Amino acid sequence: MLRRTAYALLVLALAGTATACGRSAPDPATAAEARGPITVWLSNNAQEVQWGRAMVAAWNKAHPDQHVTAQQIPAGKTSEEAISASIIAGTTACLAFNTSPAAVPTFQKQNGLVPLSDFPDGEKYIAGRGGSLTDQYRSTDGKFYQLPWKSNPVMILYNKKLFAKAGLDPEHPKLATYKEFLETSRTLVHSGAAKAAIWPSPSSDFFQPWYDFYPAFAAQSGGKQLIEDGKPQFDSAAGRQVAAFWRTLYAEKLAPQEQYPGDSLNDGKAAMATVGPWAVAAYKDSVDIGVAPVPTADGGSGKHSFSDEKSAAMFSACENRATAWDVLKFASSAAQDGKFLEATGQMPMREDLTAKYPGYFAKNPMYKAFADQAERVVEVPNVPGSIDIWQTFRDEWTKSVVFGRESTDTGLRKASSDITGLLNEYGDPS
Amino acid sequence: MSVNLDAAPGAVHTSGAAPRGKARRGLSRAGALFVSPYVLFIVVVFAVPLVYTVWISFHRFYFTAPGTDIDSPWVGLSNYRDVFTDPVVGQAFLNILIFLVINVPLTVGLSLVLAAALNSKIRGRGFFRAAFYVPYVTASVALVAVWQFLFGSDGFVNHLLGSHAPDPSWLVNSHLAMPMIAVFVTWKQLGFFVMLYLASLQNVGKELYEASAMDGAGKVRQFFSVTVPGVRPATTLVVIYAIITGANLFSEPYLLTGGGGPDHASTSPVLLMYQKGIEQGHPDFAAALGVVLVAFVMVVSIAARKLTERGD
């Protein structure tokens, strides 16, 4: 009896496991032609949710037979984790309007993405909308697996009140060169106006370099990516200058080595932050904000920055892909982009934004600086093993720059060597 | 002694003889029925994933969307070689050893002393018993906020210490981060272990205390000569449980030190499994690390058991 019970239990367990493993996916050829209801995911940014719900309502009014449901991306440490988990479970929405380009190679490897280039008008629509900026979003097989949707060019936001408190001119802050930036930071902290001049997270998360190292590197290097032509670019004069600059900020306690449990700029603990235009709307009721470009060694104009771009992507769990593609085009149309800009202050990935939406920038002059910066943005490299590569870089950065446990030159050299090893390991699938 | 369930109602009797075959079969069926949900639970939730984890650890594997036909080739010990040659893994196990060296003796010592105190007739005994148990039943996230309020660089303790405060501060100091986590976890879990010891103390005969008192033993001597040997089985349980929970450390370094910082000084193997398996998409590496961790916990637990049961 016991033996039979044990066998029965084992069969049940194995059947359960087999059922779980035997998940099915929609047939790509059928799904590409299919129309019907779909679900889209939005980020949890309040302004984006507001735009997303209005966009979906407009679509549903015109297409009652292809109903779209909008939801916020399921909770997770990051959207990428939540999306990755749902790809594996086969529960992704048809579209997600918050896909990090750094995660696209991973999602691709998981067979989680629909190649948008495979739609008859896919290439033409994506390249036509984004212009020259779009090419850096192509995957290594030459296809687009993401629609470059909106950027948040990273700039220096500063608290005018704290600058004034420190005796600095809030309308003309000296932040262009490393020397000026450090002097201003020392004044802010030593005067007691702020606990920190700037307070990016010093944690080991793979994506943190996008808010300290990468904008500064893009500016100092004249627009280089972390990796170009299969080779790391940061063990260079530009990379070493950036690392030395940030090391000084940490060594002189102008930037704390401890993570702030909240929003340091909003709480008045830090006088500056490296963030995109999304933050302007978030701070408008609490902080009098000023905007300045990311500093460089010599302070020259026309500098680049990190895009902090988010793409829209279609997922392989989607059964009604024809509807999803139409919704994607509808949501990224010129009219919807204007509404998105109006609602969120984030920059649609289109060229020459100020000429396309002159009314908005006339009404909101602070955003014009971001629109100008959006013309000169650098994206994360679209290479296999992208997250591994960023994690490797971050580990050396925290060791050498944040905590000074080895020289910054050694840190960059080791990171470059390790990342070269990773690039060789992942290989070029093309 | 056995109970004859086959007898007529009201005629249940006991006897020293073995039950007849039919009765034994009846018992077996009933027993199997009662334990089957738990056996099923164990098989589905623990056994199958464990076997699958071991399988993954010997293959090149990554998670994919449903219906994807992927090749997961056998790679032998390759994932284990990656685990053993990754310096962060070594650091993570060293961190756990530091954690256990601080946490386990502190847990055993404090919980036993507190349990002995709370077992005696003191004023407000109920209040103190509840007070020590509250952190255990409070969410880690809330407790982390308390700890950051106390030991953050701008926290209460540093305000008290002034210029004597450590630099870098407690939670970002590579020498202090792991000990701080060990102390935090000790404090958080103390109530549970005090409760285990309190239960065990009920079994220590009062006559032993009376006899030792008549022999002239004071409170301290009684503690070491009667209480400590009397609760030895509980000590074994406490030590092994503390080792297992310590080796599974995740949320404290994740929340308290920003995901293993500073510079991996508080990274734990489980946190690393999460980072490698979930964040970086290497479940094969994470599976091999998990198997190594299970082996590590077994070895340390067996060694600890031998130590605590020595002299029995």
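User: Which residues does the disulfide join?
Analyst: This is a predicted model, in which local features need pLDDT of at least 70, side-chain atom pairs count only at pLDDT 80 or more, and totals for chains, interfaces and linings use all residues. Residues are numbered from 1 along each chain as its sequence is written, chains are lettered from A and ligands numbered from 1 in the order in which they are written, and side-chain values use heavy atoms, with hydrogens and water left out. A disulfide is a pair of cysteine sulfur atoms within 2.5 Å. With S to S at 2.1 Å, the residues joined are A:C94 and A:C318.

User: How many residues apart in sequence are the parts that this pair ties together?
Analyst: Helices (H or I, at least four residues) and strands (E, at least two) are DSSP runs, numbered from the N terminus. A:C94 lies in the loop between α4 (79-89) and β3 (95-99) of chain A, and A:C318 in the loop between β12 (310-314) and α12 (321-331) of chain A, so the parts tied together are apart in sequence by 224 residues.

User: Are A:C94 and A:C318 buried or exposed?
Analyst: Buried means under 20% relative accessible area, exposed over 50%, and partly exposed in between, with a 1.4 Å probe and protein chains only. By this definition, both A:C94 and A:C318 are buried.

User: What area do chain B and chain A bury between them?
Analyst: Buried area is the accessible area (1.4 Å probe) that two parts lose on being put together, summed over both. Here 38 residues of chain B are in contact with 40 residues of chain A. Of the area buried, 58% is on carbon and sulfur atoms, and the total is about 3,300 Å².

User: Which residues in chain B lose the most area to chain A?
Analyst: Three residues together make up 20% of what the chain B side buries. They are B:P66, B:D263 and B:E279.

User: At what angle do the axes of α8 and α9 of chain B cross?
Analyst: Axes are lines fitted to C-alpha atoms, for helices over the stretch in contact, and angles run from 0 to 180 degrees between N-to-C directions. The axes of α8 (residues 206-214) and α9 (residues 219-230) of chain B come within 10 Å and cross at roughly 145°.

How values were computed. Contact = heavy atoms within 4.5 Å.
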